[in-house]
Amino acid sequence: MDLVIRNATVIDGTRAPRFQADIGIAGGRIAAIGKAPKGNKEIDGGGKILAPGFIDAHTHDDRLMLSAPEMAPKVSQGVTTVVAGNCGISLAPAPKGMRAPVTPPIDLMDDEGKWFRFKEFKDYVKTLRENPPATNCALLVGHTMLRVQTMDDVERAASEKEISSMQRLVEEALEAGAIGVSTGLYYEPASAAPTEEVIEVCRPLSRRNALYCTHMRDEGDRIVDSLEETFRIGRELGVPVVISHHKLAGTPNHGRSAETLPLIEKAMRSQKIGLDCYPYCASSTILSFGRTQVASKTLVTWSKPHPEFQGMDLRDIATKMRRSIEETVGQLVPAGAIYFSMDEKDVQRILAFEHTMIGSDGLPHDAAPHPRLWGTFPRVLGHYANGLNLFPLETAVYKMTGLTAKTFGLADRGVLKEGYAADIVLFDEGIHESATFEKPIQAAKGIDTVIVNGQAVWRGGKPTGARPGKVLRRE
Ligand code: ZN
Ligand code: CU
């Protein structure tokens, strides 16, 4: 055995009750569970909980994996795999490059365009293989990226010719290892795309049994239409769909998860559907006046022309600038924001829904990011499972491991089982997040050791420097 962890309580990622066991690791895989022979290295688990490394079902880490490959916001929470390329935004492909100013919401990834350097998806995958980050990843290709580079005008539906160009880019990405396509139909560069365009662009998914993940067209008044559109896309393509960061935005829609979850459950009887959620009742994306109107409070996370206002309440900025909210937004953009627009009861109902995975939706390049970037997983374990008893710790772990691996088709991950990849987190039962809206950049408390493919990437409260991450394919 290369490494043995003794004296730990195992939560194996299947929802089974915890049990006492040693875990032995050899050749990057789990080689023994129960009694393990002597290891070259041994870690005393000290009665802590040992679980499969967490899989972040929804991230925007495409660039972070290259620009900060130690992946501190993720490994500090016990995350060992990230699903990147969400909401229609991916770092690749960028056949035309992207010079500043980069179109919102693509600027969430890089507003200067310096990192959009991969003409083909395979160039990005190759770079990740040659310069691996600390975590594994599963990659989606973003529909918005394809649109802005294929079309001269994104405020209309794509022509047949443009659709076939986009199909070729999807085909190439899948060939290179992408597990599916993401859309951000809510956002301007994609909102003019009719359902039929999305279906046609995504045609290559069908043959390759890849996934469709979506930041839906509407997460407010027209949520039901958006769900139906998503189900239809999945049905017509015959592929699994994932509803990203399911939420109900705006006071008039509060409580409506009681309506959406049964609809999802019903549709699940005839097609494959997954969904993810982050454990906060504030959202975060680019700053837009419309969104401020359905929020009780808005915080500015970054502003290109006014970096001095990052982290501040929009109302206070407006007072300072002696302008209306609408004019202030106009002065601050391009910018990002946090919107307090959801109901805690909806968040809890969605988190507790049997099929909901945990995804951070963290925005790693924001100057004053939403605390979900550093806090999501410990908050679900510490606050929602241990604190509020919303579900047992075994269920919380399942929502961030076994369920996620199954939904995304990541073979031999997400469960502690002999022969499976040794992605492991050792944490204290008193785990909790430290990141807050006031002080968002803080590592969680209670994460002891994080192991990716058999190598420790986080230990003693800091990254070890190891970068064993792999690009995972869908099985
Ligand atoms: Zn999104
Ligand atoms: Cu997102």
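The structure is a predicted model, in which local features need pLDDT of at least 70, side-chain atom pairs count only at pLDDT 80 or more, and totals for chains, interfaces and linings use all residues. Residues are numbered from 1 along each chain as its sequence is written, chains are lettered from A and ligands numbered from 1 in the order in which they are written, and side-chain values use heavy atoms, with hydrogens and water left out.

**Metal site**

- Cys87 (SG), His215 (ND1) and His245 (NE2) coordinate the zinc ion (ligand 1) at 2.0 to 2.2 Å.
- Donors here are N, O and S atoms within 2.8 Å of the metal (3.2 Å for Na, K and Ca); water is not among the atoms, so sites may look incomplete.
- Along the chain, the donors of the zinc ion (ligand 1) are spaced as C-x127-H-x29-H.
- The copper ion (ligand 2) lies 3.0 Å from the zinc ion (ligand 1), and Cys87 coordinates both.
- Distant parts of the chain are linked by the pair His215, in strand β10 (residues 211–215), and His245, in the loop between β11 (241–243) and α10 (257–268), which are 30 residues apart.
- Helices (H or I, at least four residues) and strands (E, at least two) are DSSP runs, numbered from the N terminus.
- His215 is buried, with a relative accessible area of 2%, and His245 is buried at 2% relative accessibility.
- Buried means under 20% relative accessible area, exposed over 50%, and partly exposed in between (1.4 Å probe, protein chains only).

**Helix pairs**

- α10 packs against helix α14 (residues 344–352) at an angle of about 20°, and their axes are 10 Å apart.
- Axes are lines fitted to C-alpha atoms, for helices over the stretch in contact, and angles run from 0 to 180 degrees between N-to-C directions.
- α10 and α14 are therefore roughly parallel to each other; angles under 35 degrees count as roughly parallel, over 145 as roughly antiparallel, 65 to 115 as roughly perpendicular and the rest as oblique.
- In this pair, Ser257, Ala258 and Leu261 of α10 meet Asp346, Arg349 and Ile350 of α14, where contact means heavy atoms within 4.5 Å.
- Helix α12 (residues 314–321) and helix α13 (residues 325–332) cross at roughly 90°, their axes coming within 9 Å.
- That angle makes α12 roughly perpendicular to α13.
- On the α12 side, Leu314, Arg315, Ile317, Ala318 and Met321 meet Ile325, Thr328, Val329, Gln331 and Leu332 in α13.

**A buried valine**

- Val201 belongs to helix α7 (residues 195–201) and counts as buried at 0% relative accessibility.
- Leaving out residues up to four places away in sequence, Val201 touches His143, Leu146, Ile163, Met166, Gln167 and Val170.
- Val201 and Leu146 are 55 residues apart along the chain, and their C-alpha atoms are separated by 9.4 Å.

**Backbone features**

- Most residues other than glycine have a negative phi, and most peptide bonds are trans.
- The peptide bond from Pro104 to Pro105 is cis, with omega near 0°, and Pro105 sits in the loop between β7 (79–84) and α3 (121–130).
- Val333 and Pro334 are also joined by a cis peptide bond, with omega about -5°; Pro334 is in the loop between α13 and β15 (335–340).
- His245 is not a glycine, yet it has a positive phi of about 30°.
- Asn389 has a positive phi of about 60° although it is not a glycine, and it lies in the loop between α15 (372–387) and α16 (393–399).
- Asn389 is exposed, with a relative accessible area of 60%.
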